[in-house]
Amino acid sequence: MELTLWTYEGPPHVGAMRIASSMEEVHYVLHAPQGDTYADLLFTMIERRKKRPPVTYTTFQARDLGGDTAELVKRNIREAFDRFQPKALLVGESCTAELIQDQPGSLATTMGLDVPIINLELPAYSKKENWGASETFYQLVRGLLINQSKENIQHDPSSWQKEGRKPRVNLLGPSLLGFRCRDDIIEIKKILNEYEIEINLIAPLDATPSDLLKIPKADLNICLYPEIAETTCSWIERNFGIPFTKTVPIGIGATKDFLDEVHHLLEKENKNQIKINSRLPWYSQSVDSNYLTGKRVFIFGDGTHAIAAARIAKEELGFEVVGIGTFSREMARKVRSVAKELGLEALITNDYLEVEKAIKESSPELVLGTQMERHSAKRLGIPCAVISTPIHVQDVPARYSPQMGWEGANVIFDTWVHPLMMGLEEHLIGMFRHDFEFTDGHQSHLGHLSRNEEKNSENTDNHLQTSSQENQELLIWTQEGKAELAKIPYFVREKVRKNTEKYARQAGCRQIDSETLYDAKVHYKDK
Amino acid sequence: MSGATLLKETGPREVFCGLTSIVWLHRRMPDAFFLVVGSRTCAHLIQSAAGVMIFAEPRFGTAILEERDLAGLADAHDELERVVQNLLKRRPEIRTLFLVGSCPSEVIKLDLSRVAEKLNIALQGSVRVVNYSGSGIETTFTQGEDGALKALVPLMPESQEEQLLLVGTLANAVEDRLITLFNRLGINNVKSFPPRNSIDLPAIGSKTKVLLTQPYLTDTARELNARGAEIIEAPFPLGVEGSSLWMEAAANAFNVKDILLDEILEPLILRAKAAIKPYREKLSGKKIFLLPESQLEIPLTRFLRNECGMIPIEVGTPYLNKEIMKAELDLLPSDIRIVEGQHVENQLDRVREQKPDLVVCGMGLANPLEAEGISTKWSIELVFSPIHGIDQAADLAELFARPLYRHDLLNNKQLSYA
Ligand code: SF4
Ligand code: SF4
């Protein structure tokens, strides 16, 4: 039993819903009690979907448990089939139904329905949402293609040349409630098009079951979101010989590598140099970005986006990555190895308080995380950009804002750098606050941040008296010392405070005044 | 009882479970913690219903069952005790701990009352532990509050003092206002349940007169009655009509003179009616369809029909307690179509057929209906907004008029042709 105040991922059947809702002509009968219908709002509210998820919940009640719940399941399957006429029917159960063991999937197969039935067994007490999505996509693809695969088609990656046509690829993995999938596929389509590569199909987003039957027609699978599509891609590789890409094209370097990998796997010569069609490299190089260099950044998210963010931060923006982690156990190994290269230890956890603690301890100047880190960062007064699911409604913007490809790199530059600039402007405004032109309330562009800052300075006080309790008896901040500390930009203030206290203890001072602050500064500069 | 057309429907439902009540209960009692014993689904439900997570550490959480808990039951009870002890160590400000049962905990027959009992002995009164069910197989949405309050009744001290007890969570400001009005009527001893602090439980006895503020407190009312309290029969305090009858019922129970009652209420009623008028103009003659969710559907229909002139096409309700709803049903004519239970697909078919001007529904259904051109009002907003009492009647009307104004604004043909 695990105490959970908040969870990064929902249960696995929500992952199954993501696949079903992403597609057309698929229906999902879910053996579940009525409260589980809350999951519909994730799609209709966060994604602003105009359609209800294609899900029929059996909504059994306690009084049904004594009787024939299997009959109830069958009635719901029959009704859903008649009403929605799906071309593929997913049947599964949520946590509660798993315990009563009606085996809805097996029941469905005995009903003589003229539709492929995918029996989903998603262990609710050990697995989570992304795993559920991945497994569902895999079971669906496998269920639809299993008969084809027997023929054991020999795959020739260069057959497109022999047949005198353009190479064809599948884009696999984009789904609802993913991060910016809708826009990523537009961007990737556009880029591949520039290299004369055709899209065979995109799935699961907007695909139909009959589209999935065309999967083997492709020369290559592009695994855009490994969390969702890797299992499926490797099954296709084993059964149809179709290889798949391992590079996720987020960031300049990764997009280049991705294009190289695609060409290599297609045995396609790339006549022209890869043209970097993004402003990120120059923006990053321009003198205005001087102040970005060496910024301390903390990264937390799903595996794919966290890993991509680390590379961009380090190689493309010149940041220092001071922490990295993921909530995804499935991606833990990959994130650990990235962390190791950065000389860090990866944080693998589903506990947001642990993440918050890690953020605090590494005192970053920018947090890249999920919607939860946005809240944590706000509480800590640190700028933040969202790079990964779980998301809020405002993380599904109206404008075109991919993460992948060249345009994705532009979007990332803007969304990461803006919160930092805001922070810097806040600081400048703070510095000039006492000039007569400035009156309070001038900081209109980031109202909440400025208010936060005020709160923070109160916090500084509180901190001095309470939080560092172990030194409380030893160290006293004089009024003057406090005033000096308050002049330091809020995003480094905490770090300076800690260093100064550490220095004071080493130096045996009991009182900290402005001189102690300057002494400490010199002390740490020398090191 | 009126002859309203009462129909029953079964089938797939689209209704929250009782766990959802935690979203407002934890705000009402800041010294209480709600610990759901359930699955990741339960945790996900509450955080999705609560929406934005602004607290560093919320006062609710889920002890998520894992495979090994399902294997051996004795262990699960011990595990739960361990989780609780850890939690309490970290959150010393907690005074009352609610162990909330869920579908999984009930299906595996985890005995939360036994765990609560053991913990109460171990904690020696420093924290009080109670339990109730918020499971989706037993309860819907607002019924969770009924369960939570019922669990507190045995802890209420005994008192033979004459008092008026308001039962059901209200917004604090609204509650203060209602108490002021009762004081003006000369009813000075007014208490609330749930209290604003879980440890300040009101006393109860045979001279307690209970006035329900919410229509979903069937079990709580029964328990209070069993402790000797008298339940005042009244409609619910929504709208001018309901709120004044509600106050009148209390006044009668306390033998307040009619003249005084009129003197106090009359000006409020006049003012509220004038305030409703512009909204009534918008709402009058418009068709409304209420999907089942909060149990507020019947009192709301009474308000929207009798005071705002709306035409109710269908009133869904998750379940119907005729006894508690009697005073409400009496105020409605016999041709109102009330449907208990739900078959969500068939019901949505009827919505599309009838083309109502406004549909009251859950958040899962709102955008899809809006996309079909049907204006909606989220039922969950009604449990969060201060809507009770005469003075709030116009605000209540405004909540329903707003989607219609919005609809006109965004579909203003004249604008595009101008
Ligand atoms: S319906 Fe049952 S399983 Fe689902 S969230 Fe509610 S209590 Fe948990
Ligand atoms: S700022 Fe945005 S993300 Fe943060 S709490 Fe408010 S709405 Fe949610």
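Reply: Around ligand 1 there are 17 residues, the closest being G35(A), C17(B), C42(B), C103(B) and G136(B), where a residue counts as near if its C-beta atom, placed from the backbone, lies within 6 Å of the molecule. The model is a predicted one, in which local features need pLDDT of at least 70, side-chain atom pairs count only at pLDDT 80 or more, and totals for chains, interfaces and linings use all residues. Residues are numbered from 1 along each chain as its sequence is written, while chains are lettered from A and ligands numbered from 1 in the order in which they are written.

Ligand 1 lies between chains A and B, and the elements giving two or more residues to its shell are α5 (95–100) of chain A together with α2 (40–50) and α5 (103–107) of chain B; helices here are DSSP runs (H or I, at least four residues), numbered from the N terminus. The most is given by α2(B), with three residues. By class, the shell around ligand 1 holds eight nonpolar, eight polar and one charged residue, with Ala, Val, Leu, Ile, Met, Phe, Trp, Tyr, Cys and Pro counted as nonpolar, Asp, Glu, Lys and Arg as charged, and the others, Gly among them, as polar.

Elsewhere in chain B, nine of the 10 residues of helix α12 (residues 297–306) are buried, so this helix is largely enclosed by the rest of the structure; a residue is buried if 20 or more other C-beta atoms, placed from the backbone, lie within 10 Å of its own. Among the buried residues of α12(B) are E297(B), P299(B), R302(B) and F303(B).

Conventions: Buried ≥ 20, exposed ≤ 12 C-beta atoms within 10 Å, placed from the backbone.
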